[in-house]
Amino acid sequence: MPRFARLDAVGLLQHVMVHGIEKSDIFLDDKDRYSFLDRLSTLLVKTGTSCFAWALMTNHFHLLLRPEKSKLSSFMRRLLTGYAVTFNQRHNRAGHLFQNRYKSIVCEEEPYLLELVGYIHLNPVRAHLVQGVDALDSYRWSGHAVLMGNHTLPGQVTDEVLSRFGGRLSEARRNYRLFVMEAAAKGHREEFVGGGMFRSCDFLHTQPGTEAFDERILGGGEFVEDVWRVEKDAHIEGIPSLESVVIDVAARYGISTEILCTATKERTVSEARAVACFLALRVLGYSGAAISPLLKISRAGVTVAAKRGEALVKDGAAKDLVSNVKILTTSP
């Protein structure tokens, strides 16, 4: 079977799975595990990569990552190379530690994010490394205990996950734990370890063949097409960058770029963000997934904001910006 190029655009949620070469163990004791987590945590903070879930097994590990500033491939290269060198030195071995290619599946955040958080954190339970959710609550080698407040890992995203389960921390943790217990009852979920049409359709209750699909992507047809556009965006030349759009819109509205990239209900900023979304999405053709991390707004929010921005432009606001963009995209 041919090996397809990885989808590696910034801002995409990815389920990463890494196995030891020839299924050999990559964690021989707790010192190895602490070494790996220290390296993982340091890289998460340094690179601004969001980690929503993780689990260390014996011969493999799972991560749920969303690179915000740099590509996943760069992050994984630093993580795996650094750990392999340390592991080999400590255990007096030589040669490759990991399989040549880690596996990464691009995932649609809605409805997969929470499902994957539960699925990944339950790996030690399914493998009988711990006995049930009660033991998992304090288990050191899964991100579940961090969400439950029993351990810490700088760089692991907790607020964005727990906020989906309630407004108060105690309520959110209680509801999250109930969610994990329900997920545990479902057992192994084959659709969460690979992409493709049939796995996505099974979870989303759609008919195979009616939407776009990609073996590297877990999500609906519209999301698949959006990801394809993101990959094309990375190679687009001759059009204004997203950063330049933000700078121009911020100047037009008399605000700083930092404020424009901050969610707020203040009218001027809200209108500027809407116009920026319209210019980037509708005029320049950037995807919602590419715009989302820059403006710190969900992909669905980008679409809604773009519609509002289009209405603002039609009413006369920022028409000059649209004209300038069109000139830039049609200039030889």
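What joins strand 2 to strand 3, and through how many residues? Select both strands: the link is a hairpin of three residues.

Before going on, note that this is a predicted model, where local features need pLDDT of at least 70, side-chain atom pairs count only at pLDDT 80 or more, and totals for chains, interfaces and linings use all residues. Residues are numbered from 1 along each chain as its sequence is written, and side-chain values use heavy atoms, with hydrogens and water left out.

**Stop 1: the sheet**

Show the strands. Strands (E, at least two residues) and helices (H or I, at least four) are DSSP runs, numbered from the N terminus. Five strands form an open sheet in the order 2-3-1-4-5, with mixed pairing. Two strands pair if DSSP finds at least two bridges between them. Now colour strand 2 and strand 5 (217–218), which stand at the edges. Each has a single partner strand, so one side of each is left without a neighbour in the sheet.

**Stop 2: strand 3**

Select residues 60–66. Is this strand mostly covered or uncovered? Mostly covered: seven of its seven residues are buried, meaning under 20% relative accessible area (1.4 Å probe, protein chains only). H60, H62, L64 and R66 point one way, while F61, L63 and L65 point the other way.

Next, show the neighbours. Strand 1 (residues 13–19) runs antiparallel to strand 3, joined by six bridges. Click V16 and find its bridge partner, L63. Strand 2 (residues 50–56) is also antiparallel to strand 3, again with six bridges. Here A53 has L64 as its bridge partner, and C51 stands opposite L65.

**Stop 3: helices on the sheet**

Angles run from 0 to 180 degrees between N-to-C directions, and axes are lines fitted to C-alpha atoms, for helices over the stretch in contact.

**Stop 4: two crossing helices**

Select helix 13 (residues 267–283) and helix 15 (residues 299–314). Their axes are 7 Å apart, at an angle of about 100 degrees. The two helices are therefore roughly perpendicular, a label for angles of 65 to 115 degrees. Show the contact residues (heavy atoms within 4.5 Å). They include A274 and F278 of helix 13 and A306 and L312 of helix 15.

How values were computed:
Parallel < 35°, antiparallel > 145°, perpendicular 65-115°, else oblique. Buried < 20%, exposed > 50% of the residue type's maximum accessible area, 1.4 Å probe, protein only.
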